Amino acid sequence: MSLHLSRRRLLTVGGAGLVLASLDGPFHATPARAAVTTADLVVYGATSGGLAAAITMRRLGRSAVVVEPTSHVGGLSTAGLGATDTGVQAAIGGLAAEFYRRVHVKYHGGTLTPTSPLRMTFEPHVATAVFAEMLAEAGVAVVVDARLSGIGRTGNRITELRTEDGSIYRGGVFVDATYEGDLLAMAGVGFTVGRESNDTYGETINGVQSRNTHQFAYPVDPYVTAGSPASGLLPGISATPLAPAGSGDDKIQAYCFRMCLTQSANRIPFGKPSGYDPIRYELLLRHIQAGYAGPFFTTHSIGGGKTDSNNNGAVSTDNIGFNYAYPTASWAARESIIAEHRTYQQGLMWFLANDPRLPASVRDSTARWGLPVDEFTSTGGWPPMLYIREARRMVSAYVMTEADCRGRVRATDSVGLASYTMDSHNCQRVVVDGRVRNEGDVQISVPAPYPVSYRSIVPHQAQCANLLVPVCLSASHIAYGSIRMEPVFMILGQAAATAASLALAGNLPVQAVSVPALQTRLRQDGGVLEWGSTGEVILDNAATTGITRAGTWVRSSSTGGYYGPDYEHDGNVGKGVNRLRFRPSLPTTGSWTVQLRWTAHPNRATNVPVDIEHANGLITRTVDQRQAGGQWVALGTYQFRAGTDGSVLIRTEDTDGYVVADAVRFVSA
């Protein structure tokens with residue numbers, strides 16, 4: 001049970017967070033060669049899911065070590081993704097919920113308790129400090145800059161990992177918690193990359209999807225010389241004709257860096273990167289010249305006057321089409337791809353802030369932002385990790401699909417819940433009717449939290465009997481788009497370690513672990529495994545069912561605080577004609593509190609009538625949409641019958657501004 005560590009580059013805990021050290025003082029030397037570490041659990045990948053696995057294993061009384069191929073610890077949770085994609089917050093339990101409760105205490109003080117609120121937005125250095133505390137309390141060692149070079153096997157079991165510096169990590173059970181799935185691939189576990197066709201798993205929104213989100217709002221010519229096909233296509237545009245809808249391919253959704261920005265006076269201005277090429281931004285220039293006025297990136301507030309800034313619009317921070325080789329590439333090739341993404345995105349920000357061909361309003365509004373001086377200090381304020389939204393995905397005995405996300409099937413071996421929108425960023429740019437068009441963006445909400453199968457995080461036993469995969473789990477492209485959120489990775493990391501402990505106790509392959517015993521322990525440790533009569537049901541404006549409209553409604557994402565991919569508004573016209581009704585499917589008869597969400601702005605209506613149809617009749621509430629934006633506003637508690645009898649209708653009669661329809665939430669009372 002003891003953890004044996006040799007002198008090498010380790011992450012331990014200092015007063016300001018994670019610092020480099022060796023066992024006997026500050027680290028200065030070259031990592032030792034051929035050092036051997038033995039632990040019950042060896043975790044490859046210091047992502048949030050990997051850290052959750054190691055912390056859980058230590059809390060269960062067993063030894064664990066984390067081996068990270070880069071110098072960064074915490075994955076995207078500490079690399080700029082500070083506006084956490086949550087779906088239904090109440091579906092987050094266990095160690096993941098504890099992490100977000102600790103974040104709340106960091107900002108608001110008080111004593112950490114199991115009932116402390118969760119805070120889902122945070123600055124990167126705060127997330128780093130929280131992970132540092134949890135690692136220190138559990139006594140977890142994290143080895144950085146240790147790239148996998150080989151493995152040892154006996155039959156269908158991994159016996160050791162070997163890293164490029166010659167070190168060896170031996171264990172009873174292994175976890176691949178990387179975003180790339182490098183360990184599972186080296187272990188001979190089956191995987192896939194890209195998009196399945198809809199026919200593969202009987203889905204409807206997988207494969208090629210040409211939709212209108214993050215799409216060109218105005219016609220843009222795709223050729224280097226506008227109007228001249230002979231001049232060739234601008235960078236990043238595919239010459240291959242658009243394939244039929246729903247067909248599969250090897251393309252993956254775009255990557256970007258999640259920037260942490262600020263308007264602080266001592267911000268770091270956007271610099272012009274080496275290798276800057278203005279042709280990379282010609283599409284955006286033409287889109288702006290055609291009439292597009294933004295937004296060009298998101299500015300979600302995370303605290304401390306800072307943002308988590310993500311892709312927004314047809315041409316933004318996503319470097320569409322430049323990541324296809326990444327999932328299975330060598331580290332040298334990956335570093336080249338990462339550098340390409342960094343140059344593109346840094347160049348994008350410099351272009352928006354400085355190019356004289358742009359309107360002054362665009363340049364000035366961008367230049368008001370910059371990088372904070374107190375985040376990512378070792379990389380000049382720039383995020384240290386590229387957002388790998390999707391890479392390899394394991395193929396195991398249970399593949400999570402759209403049917404799981406929509407609740408049409410429910411895995412009985414649940415080890416946690418997912419609840420975020422089925423979300424894929426664009427995968428390619430193509431030419432359609434002589435104009436450039438993005439393809440691949442899908443944003444479809446799920447009706448309720450749904451279980452993630454234990455079988456989806458373990459490979460086929462014949463392939464490997466002592467490996468668990470909580471990040472690159474077995475899921476179709478579109479289902480993975482819903483599951484691939486940082487809270488879920490932590491939930492599945494905790495489940496993986498708990499299963500590993502049970503496997504060691506019974507000398508079992510991980511596939512033979514008793515699921516009831518696993519579920520019992522997860523519940524004991526705060527896990528949320530089912531979603532039934534208690535909890536909440538959320539219906540978003542982007543849902544494909546449960547929404548009916550009259551008149552004309554306009555999709556928008558220009559004002560932050562919305563739930564799901566966007567919201568809708570009435571354009572401040574068609575008063576009395578424009579109406580939008582939410583009709584949810586409630587699981588049980590009983591009392592439900594109705595909550596409404598909108599985005600606030602001075603141009604909104606102060607007198608929006610909202611009709612709530614419930615089991616005992618109909619009641620009308622009036623809401624002021626200039627106030628209380630970006631939060632759930634309670635409209636009362638009412639009796640509803642199970643099914644789709646009840647509804648919430650947003651009307652526009654006599655309203656004194658824009659009326660917004662975003663989402664409705666029903667919370668069981």
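Begin by selecting the five strands that form an open sheet in the order E24-E27-E32-E29-E30, with antiparallel pairing. Strand names here follow DSSP runs numbered from the N terminus, where helices (H or I) have at least four residues and strands (E) at least two, and two strands pair if DSSP finds at least two bridges between them. Strand E24 (547–550) and strand E30 (617–623) stand at the edges, each with a single partner strand, so one side of each is left without a neighbour in the sheet. On average, neighbouring strands of this sheet are turned by 20° against each other, direction ignored; the axes behind this angle are lines fitted to C-alpha atoms, for helices over the stretch in contact, and angles run from 0 to 180 degrees between N-to-C directions.

The model is a predicted one, in which local features need pLDDT of at least 70 and side-chain atom pairs count only at pLDDT 80 or more, while totals for chains, interfaces and linings use all residues. Residues are numbered from 1 along each chain as its sequence is written, and side-chain values use heavy atoms, with hydrogens and water left out.

**Inside the sheet**

Select strand E32 (residues 647–650) next, both faces of which are covered: Ser647 and Leu649 on one side, and Val648 and Ile650 on the other, are all buried. Buried means under 20% relative accessible area, exposed means over 50%, and partly exposed lies in between, using a 1.4 Å probe and protein chains only. E32 is joined to E27 by three bridges, the two strands running antiparallel, and here Leu649 of E32 is the bridge partner of Arg581. Four bridges join E32 to E29, again antiparallel, and on this side Ser647 of E32 is the bridge partner of Glu613. Moving on to E29 and E30, you will find an antiparallel pairing over seven bridges, in which Pro609 stands opposite Thr622 in E30.

**Loops around these strands**

Now select His601, which lies in the loop between strand E28 (590–597) and strand E29 (608–614). His601 counts as partly exposed because its relative accessibility is 33%. Leaving aside residues up to four places away in sequence, His601 touches Thr559, Gln625 and Arg626, where contact means heavy atoms within 4.5 Å. For a distance across the model, select Met57 as well: the C-alpha atoms of His601 and Met57 are separated by 47 Å, and the two residues are 544 residues apart along the chain.

Ala628 is found in the loop between E30 and strand E31 (633–640), and its phi is near 60°, a positive value in a residue other than glycine. With a relative accessibility of 31%, Ala628 counts as partly exposed.

**The three-stranded sheet**

Turn to the open sheet of three strands in the order E25-E26-E33, where the pairing is antiparallel. Its edge strands are strand E25 (554–556) and strand E33 (660–661), each of which pairs on one side only. Three bridges join E25 to strand E26 (residues 567–569), and Val554 stands opposite His569 in E26. Phi of Asn572 is near 60°, a positive value in a residue other than glycine, and Asn572 is partly exposed, with a relative accessible area of 34%.

Select helix H6 (residues 282–290), which is mostly covered, with seven of its nine residues buried. The buried residues of H6 pack against strand E11 (223–225), helix H7 (331–354), strand E18 (428–432) and strand E19 (435–439). H6 is followed by Gly291, whose phi is positive, near 135°. In the loop between H6 and strand E13 (300–303), find Pro295, which a cis peptide bond with omega of about 5° joins to Gly294.

Finally, display the cavities, of which the structure holds five of 30 Å³ or more. On a 1 Å grid over the protein atoms alone, a cavity is a set of points where a 1.4 Å probe fits but cannot get out, and lining residues have an atom within 4 Å of a point; grid points are joined across faces, edges and corners, and a volume is the space filled by probe spheres set on the points. The largest cavity has a volume of about 90 Å³, and of the 13 residues that line it, the closest to its centre are Pro235, Arg280, Leu283, Tyr344 and Arg429.

Terms used: 1 Å grid on protein atoms, 1.4 Å probe; cavity = no way out; pocket = protein on both sides within 12 Å on 5 of 7 lines; lining within 4 Å.
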